[in-house]
Amino acid sequence: MDIIAKKPTDTNTEKVIEIKGLNKAFGNYVVLENASLDLYKGENLVVLGKSGTGKSVLIKIIIGLLKPDSGLVNVLGNVVDEISYQELLALRLRVGFSFQNSALYDSMTVKENLEFPLVRNRKDLSKQEVNSSVEEMLDAVGLSQTINQMPSELSGGQRKRIGIARTLILRPEIMLYDEPTAGLDPITSKDINKLINDVQERYHTSAIVITHDLTCAKETGNRVAMLVDRSFERQGTFDQVFNSGDIKAQPFFDYNFIQ
Ligand SMILES: Nc1ncnc2c1ncn2[C@@H]1O[C@H](COP(=O)(O)OP(=O)(O)OP(=O)(O)O)[C@@H](O)[C@H]1O
């Protein structure tokens, strides 16, 4: 199977997320220490990290669900721990979070699942506008035919796609993908990687893709950062990070089959 490394984006210096000198501990247990990471407009940045290294903590800090102990976290021009709760709610609409388990409502059809965030957050839209958004998003993820199905009737890969469509329907500027290929076979995983790239191209999103899947990292990441030893190390293109002979990169190879 061909795995083509994604190229870096053209030099874009506009930061949509800036994390600088971030520290976060729970009691004496330090999760992030002097961690710095930037997400540039229009790029897909992959964060590779083993289980328990702080990836969920990172996401929760970005969307303001957890407060950093110290350090700067600026998202779309907002210092996350300084803004009001109302401003935080508004910011969260601009940052879409695609959950690892897709988080679909099992008792709702695909259509109802997609309508849900719009009906809740976009009361200005007419029924017709909601319908056409749902149709567009289903088309974007290649699943128009599933509109009246229940989540239980979908495959794992289809559920991930619907989860992505439901996040995208609010047209976020930033997408946060949490282990998008977890639990999928390699072929379905490649389809999801392609979808992540299609979303970037079609909706001009900037994205953080959290994964330990090297194929996903290689195919979707304009840049890659490894979360090891409490900070983001070895940031660069996939080849820069993995052709460096760095022993910190080795454990990721041990869990994956590409070379
Ligand atoms: N609210 C909390 N209170 C105490 N410890 C926490 C809290 N949230 C996270 N931790 C600890 O912080 C560390 C990082 O957790 P986190 O959930 O970010 O890991 P992760 O990299 O997302 O792992 P996984 O890939 O398994 O989901 C873990 O040791 C976890 O136990």
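The radius of gyration is taken here over C-alpha atoms, and the rule for a globule is 2.2 Å times the number of residues to the power 0.38. Keep that rule in mind for the first check below. The model is predicted.

## The whole chain

The chain has 259 residues, and a compact globule with that number would have a radius of gyration near 18 Å. The chain has 18 Å, so the two agree. Along the principal axes, the C-alpha atoms fill a box of roughly 50 × 50 × 35 Å. Of the 259 residues, 39% count as buried.

How many helices and strands does the chain have? There are nine helices and ten strands.

Take the contacts between residues at least 6 apart in sequence: 68% of them join residues at least 24 apart.

## Around the ligand

Which residues surround the ligand? They are Phe26, Val31, Gly49, Ser51, Gly52, Thr53, Gly54, Lys55, Ser56 and Val57. By type, this shell divides into three nonpolar residues, six polar ones and one charged. Helix α1, residues 55–62, gives the largest share of the shell, with three residues.

## Helix α1

Helix α1 has buried residues too. They are Lys55, Leu58, Ile59, Ile61 and Ile62. These residues cover an arc of only 160° around the axis, so they sit on the same side of α1. An α-helix has 3.6 residues a turn, so residues three or four places apart point the same way.

What follows α1? Gly64 does, with a positive phi near 75°.

## Helix α3 and its neighbours

Helix α3 spans residues 110–121. Its buried residues are Val110, Asn113, Leu114, Glu115 and Leu118. Against which helices do they pack? They pack against α4 (127–140) and α5 (156–168).

Ile147 lies in the loop between α4 and α5. Is Ile147 buried or partly exposed? Ile147 has 14 C-beta neighbours inside 10 Å, so it counts as partly exposed. Leaving out residues up to four places away in sequence, Ile147 touches Val110, Lys111 and Leu138. Val110 is also one of the buried residues of α3. Ile147 and Leu37 are 110 residues apart along the chain, and their C-alpha atoms are separated by 38 Å.

## An antiparallel sheet

Strands of a sheet pair through backbone hydrogen bonds, either parallel or antiparallel. Four strands of this chain form an open sheet in the order β2-β1-β4-β5, and their pairing is antiparallel. The edge strands are β2 (29–40) and β5 (78–79), each of which pairs on one side only.

Inside that order, β1 (residues 15–26) and β4 (residues 70–75) pair in the antiparallel sense over five bridges. Which residue of β4 stands opposite Ile17? Val75 does.

Strand β8 covers residues 206–211, and six of its six residues are buried. Both faces are covered. On one side are Ser206, Ile208 and Ile210; on the other are Ala207, Val209 and Thr211.

Strand β3 (residues 44–48) pairs with β8 in the parallel sense over five bridges. In that pairing, Val46 stands opposite Val209. Strand β7 also pairs with β8 in the parallel sense over five bridges. Here the bridge partner of Asp178 is Ile210.

Most residues other than glycine have a negative phi. Leu76 has a positive phi without being a glycine. Arg171 is not a glycine either, and its phi is positive. The table sets out both residues.

| Residue | Phi | Loop | C-beta atoms within 10 Å |
|---|---|---|---|
| Arg171 | about 55° | between α5 and β7 (174–178) | 14 others |

Arg171 is partly exposed because it has 14 other C-beta atoms within 10 Å.

How values were computed
Residues numbered from 1 in each chain as written. Predicted model: local features only at pLDDT ≥ 70, side-chain atom pairs only at ≥ 80, totals over all residues. Near = placed C-beta within 6 Å. Helix = DSSP H or I, 4+ residues; strand = E, 2+ residues; numbered from the N terminus. Nonpolar A, V, L, I, M, F, W, Y, C, P; charged D, E, K, R; others polar. Buried ≥ 20, exposed ≤ 12 C-beta atoms within 10 Å, placed from the backbone. Contact = placed C-beta atoms within 7 Å. Arc of directions from axis to C-beta. Pairing = 2+ DSSP bridges.
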